[in-house]
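Biologist: I'd like to go through the charged side chains and the pockets in this one. Can you bring it up?

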Amino acid sequence: KNINAKIIGEAANGPLSFEADEYLSNKGIVILPDLYLNAGGVCVSYFEWLKDLNHVRWGRMTKRLDGQRGKAIVDTLEASGVVISADTRELIQQGASERDFAHSALADQMIDSLDQII
């Protein structure tokens, strides 16, 4: 009962008891559930499982469409007189990579989860 922490993170497979959770919450201590703290690994494992089931890299499903959209945007801007550097053109037209997709999806899931906790 001599806990001075402001935030406590539960360990995997070792969550707080109901009584401890209630006691600490009543003291104003924020408790981050183990499910949230381990969610990153769980989400990435899920993405890998989906990729394996489909035998497709995630980047393949989005890269071409993203690149076509980017090219259309660049072409429209340049037709309107906007000067775009070669580096910026490449960045806009390259489309999302598998890594970009995984980072974006993971960040989105973690933000949604944190909003539910808070």
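Modeller: A term to begin with: buried means under 20% relative accessible area, exposed over 50%, and partly exposed in between. Keep in mind that this is a predicted model.

Biologist: Fine. Where does aspartate 75 fall, buried, exposed or partly exposed?

Modeller: Aspartate 75 is partly exposed, because its relative accessibility is 31%.

Biologist: Which residue does lysine 71 form a salt bridge with?

Modeller: Lysine 71 pairs with aspartate 75, with 2.8 Å between the closest N and O atoms. Both residues sit in helix 4, which covers residues 58-79, and they are four residues apart, about one turn of the helix. Lysine 71 has 40% relative accessibility, so it counts as partly exposed.

Biologist: What about arginine 89 and aspartate 75, how do their side chains meet?

Modeller: In a salt bridge, at 4.0 Å from N to O. Arginine 89 is in helix 5 (residues 86-93) and aspartate 75 is in helix 4, so this pair ties together parts 14 residues apart in sequence.

Biologist: And what is the N to O distance between arginine 89 and glutamate 78?

Modeller: The closest N and O atoms of that salt bridge are 2.2 Å apart. This pair also links helix 5, through arginine 89, with helix 4, through glutamate 78, and the two residues are eleven apart.

Biologist: Why do arginine 89 and glutamate 78 count as partly exposed?

Modeller: Arginine 89 does because its relative accessibility is 24%, and glutamate 78 because its value is 30%.

Biologist: How many salt bridges does the structure hold?

Modeller: Three. Lys71, Asp75, Glu78 and Arg89 are linked in a network of salt bridges.

Biologist: Switching to aspartate 34. Which side chain of opposite charge is nearest to it?

Modeller: Lysine 27, which is 21 Å away. Aspartate 34 is buried and has no salt bridge. It lies in helix 2.

Biologist: What does aspartate 34 touch, then?

Modeller: Leaving out residues up to four places away in sequence, aspartate 34 touches Glu10, Ala11, Ala12, Asn13, Gly14 and Pro15.

Biologist: Which of them gives the largest share of the lining?

Modeller: Helix 6, with four residues.

Biologist: What classes of residue make up the lining of the largest pocket?

Modeller: Seven nonpolar and three polar residues, with no charged ones. Among the lining residues are Pro33, Leu35, Tyr36, Gln109 and Ile117.

Methods:
Residues numbered from 1 in each chain as written. Predicted model: local features only at pLDDT ≥ 70, side-chain atom pairs only at ≥ 80, totals over all residues. Heavy atoms only, no water. 1 Å grid on protein atoms, 1.4 Å probe; cavity = no way out; pocket = protein on both sides within 12 Å on 5 of 7 lines; lining within 4 Å. Nonpolar A, V, L, I, M, F, W, Y, C, P; charged D, E, K, R; others polar. Buried < 20%, exposed > 50% of the residue type's maximum accessible area, 1.4 Å probe, protein only. Lys, Arg positive; Asp, Glu negative; His and termini not counted. Contact = heavy atoms within 4.5 Å.
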